[in-house]
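Open the model in your viewer and keep the selection tool ready. This tour goes stop by stop.

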Amino acid sequence: MQIDRFIEQDVIITTVKGRLDSSSSHKLDDFLAEIPAGNNAILLDFAELTYISSAGLRVVLKATKLARSHGVALAICSLVPQVHEVFDVSGFTTLIPIHPDRGAALASFA
Amino acid sequence: MPRKPQNILYAADEKPPVTTLLILGVQHATLSLLFIVYPLVAATEAGLSFDATQTLITSCIIFMGVATLLECWPRTGSGLLLVQIPNMAHLPLAMQSYAAGGPAVYVTMSLIAALTQLSLTRFMNAMRTLFPPEICGVAVTMLGVALAEPSLRRMFGLGEEAGSLADGRYILVSFTALAVIVLLAIFSRGLLRLFAVAIGAAVGWFLAIYTGVAIAPDEATYSTLPYIDLPSLGWPGLGFSWAILPAAILTGVISAVDMLGTVVSMQRMDDADWRRADMNQAARAIRANTVSDMGTAVTGGFASASSSAAIGVAFATGSTSWRIGIVSGVVMLLAAFSPKLIASLTVIPAPVIGAILLYSAAFLIVAGMELILSRRLSDRRIFTVGFAVLAGLAVAVLPELVHQSPEWAQPILESPLSVSTAVAVILNLVFQIGIRQTASVPVTAEDNPFTTAMEFLERQGDLWGARRDVIAAAIPVVAEAVETLIDTGVADGALEMEARFDETNFDVSLLYTGEAIEIPTLRPSPEDLLGDAKAVARFVGYMLSKRADKLVLGKRGERQALTLRFEH
């Protein structure tokens, strides 16, 4: 799994490439454990995430709660269909804003 | 009800507007009547009298109409658009029978061929085993390949004799007709697309008249034919020849395979989510065909079968409604009352027929390839398909091989469709040896659940020829189950992953020592994912129950068995 982070329009964008399961989710957990100061939103771009297990969902849920506790918005974008199904079934689509692509997500933060 | 593909305007159960229905029905019937040339060839070769030829042709047309009606009407047949043409596979049987004892022998041999076809429909479970999708795909592809030689010969104006030269006028006519059909089928909408084949044929026919390729009917005979007349049918009696019996049985088998190929092609064309051949529907179509074949046999006619050329027309026009077939059947019955009409249709320019056949061949070849690739292919299946196609091509490009075989075997060996299908069926059965329908692997905490599930399920999917999308859907669900059972400690350190396949279901059981997980009927709160192991297992249990088609908890001996079912 490969994780990259950069800032665009004052939004911290984290991209994840590969599979997010129990063997790799701690890396993303470490990435999302702190909310950098001076930014008003976090976007998880999962365009290249091919698989997510419940361990991955747990990390996303923790990050969402952390962001909310700091008053920072968090959203997800660009889910591939098989990952989108997991978010649907788990009920995460009602908890976290999910956008079809990065442009739509950035526009929602504006 | 099947989901209609985007390129289909009128699906099998839909009602096109009456005018469209009538014109499409006439278009199909006209195309079918053009193939009256096959029994004409048999009659000419056998030196049949004018009256006997009339009986042969008239009975053939009447029962083409009857068979089309019976096969298309859902109550008696398949509910698919299946339009009959004279059965090319009967050509060698008719010629051998006429040579051995005249029309009476052909009556008996036709009845035997029809009974052979009929008897095959009694073994549909065996047919399912014999004809998995990739084998149906080989048959459909070879239906297309078998059309290549007669279509290209007509398109280039090549004679039967070796060394004959291509005729530029034929090339001009055929490629113009083909271009019109293809362009209208791809780029046009509405009426132009619906009549793509008729317009292409008309353009080709005019061009053929202009270039002098079109042949006028023999004026002396043509002028004596009435516009309307009662059809002449006869009872030629019964004759028998032991020498031709094997050919009759083989012709029945070939005809059944041919019918299966056209039925599967229509099923595939009509259903965007096609999964496997509906053998019961195929059996109904074959039974309807055999009833009419028996009728044509006892009235001195030539047998028919559903047309692969009509499949091309259905694709070009985007119309697969069975009601079109009903109109076609009625038009054929009416045509039997007009000897002059039939005579005028038999002189359609050869390059125009060639263009229509080539269009159909192109569609069938690709439709067959799609069927073949709809399943995962192990090395065994790759060689089954590859060798089968090559065997068919061998007899197509090396006819001298066929000529060296025993005479009784030549009718089957000279058909690329028969040879390919036979080789595919035999290799498929041979390569089943050693493949168990259940397999398992141990999984430990050191294994990556996703990688283990992917490698195991893909390997088994290849061996069993499972659908790609089913295996792809099963892998993440199974991986999630394994990960949860091991990580939460529900399973005592390790488990056994067992897969089972029976064509309609792909089951994966996880066998472990420990407690059964709870499967809530209502979705737990996502907060449970941050709770203890039991709460996480319950949350995942709910997700598994929603992502698999069925989740069953049970016990196998002392071990728990969590079975995930994926419908196939």
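**Before you start**

This is a predicted model: local features need pLDDT of at least 70, side-chain atom pairs count only at pLDDT 80 or more, and totals for chains, interfaces and linings use all residues. Residues are numbered from 1 along each chain as its sequence is written, chains are lettered from A and ligands numbered from 1 in the order in which they are written, and side-chain values use heavy atoms, leaving out hydrogens and water.

**Stop 1: where the chains meet**

Select chain A and chain B. Here 23 residues of chain A are in contact with 21 residues of chain B; contact means heavy atoms within 4.5 Å. The two chains bury about 1,800 Å² between them, 58% of it on carbon and sulfur atoms. Buried area is the accessible area (1.4 Å probe) that two parts lose on being put together, summed over both.

How many salt bridges are there between chain A and chain B? The count is 1. A salt bridge puts a side-chain nitrogen of Lys or Arg within 4 Å of a carboxyl oxygen of Asp or Glu. Select Lys65(A) and Glu527(B): their side chains form the bridge, at 2.9 Å from N to O.

Now colour β3 (41-52), α2 (54-69), α3 (81-90) and α4 (92-95) of chain A. Each gives two or more residues to the side that touches chain B. Helices (H or I, at least four residues) and strands (E, at least two) are DSSP runs, numbered from the N terminus. α2(A) gives the most to this side of chain A, with 7 residues.

**Stop 2: two domains in chain B**

Select 18-431 of chain B for domain 1, then 438-567 for domain 2. These bounds come from an automatic or database domain assignment. The centres of the two domains, taken over C-alpha atoms, are 49 Å apart. Their contact takes 10 residues from domain 1 of chain B and 13 residues from domain 2 of chain B. The area buried between them is about 1,200 Å², with 40% from carbon and sulfur atoms.

Next, select Arg275(B), Arg375(B) and Arg376(B). In domain 1 of chain B, they lose the most area to domain 2, together 56% of what that side buries. The domain interface has 2 salt bridges. Look at Arg376(B) with Asp462(B), whose closest N and O atoms are 2.8 Å apart.

**Stop 3: Arg467(B)**

Find Arg467(B) in the loop between α22 (449-464) and α23 (468-487) of chain B. Is Arg467(B) buried or exposed? Its relative accessibility is 8%, so Arg467(B) counts as buried. Buried means under 20% relative accessible area, exposed over 50%, partly exposed in between (1.4 Å probe, protein chains only). Show its neighbours: Arg467(B) touches residues including Arg275(B), Arg375(B), Arg376(B) and Glu567(B).

**Stop 4: a bridge within chain A**

Select Arg102(A) and Glu8(A). They form a salt bridge, the closest N and O atoms being 3.9 Å apart. Arg102(A) lies in helix α5 (residues 102-109) and Glu8(A) in strand β1 (residues 2-8), so the pair ties together parts that are 94 residues apart in sequence.

**Stop 5: a bridge within chain B**

Finish at Arg538(B) and Asp528(B). Their salt bridge has its closest N and O atoms 3.3 Å apart. Arg538(B) is partly exposed, at 24% relative accessible area, whereas Asp528(B) is buried, at 16%.

Notes
Lists of a residue's contacts leave out its neighbours within four places in sequence.
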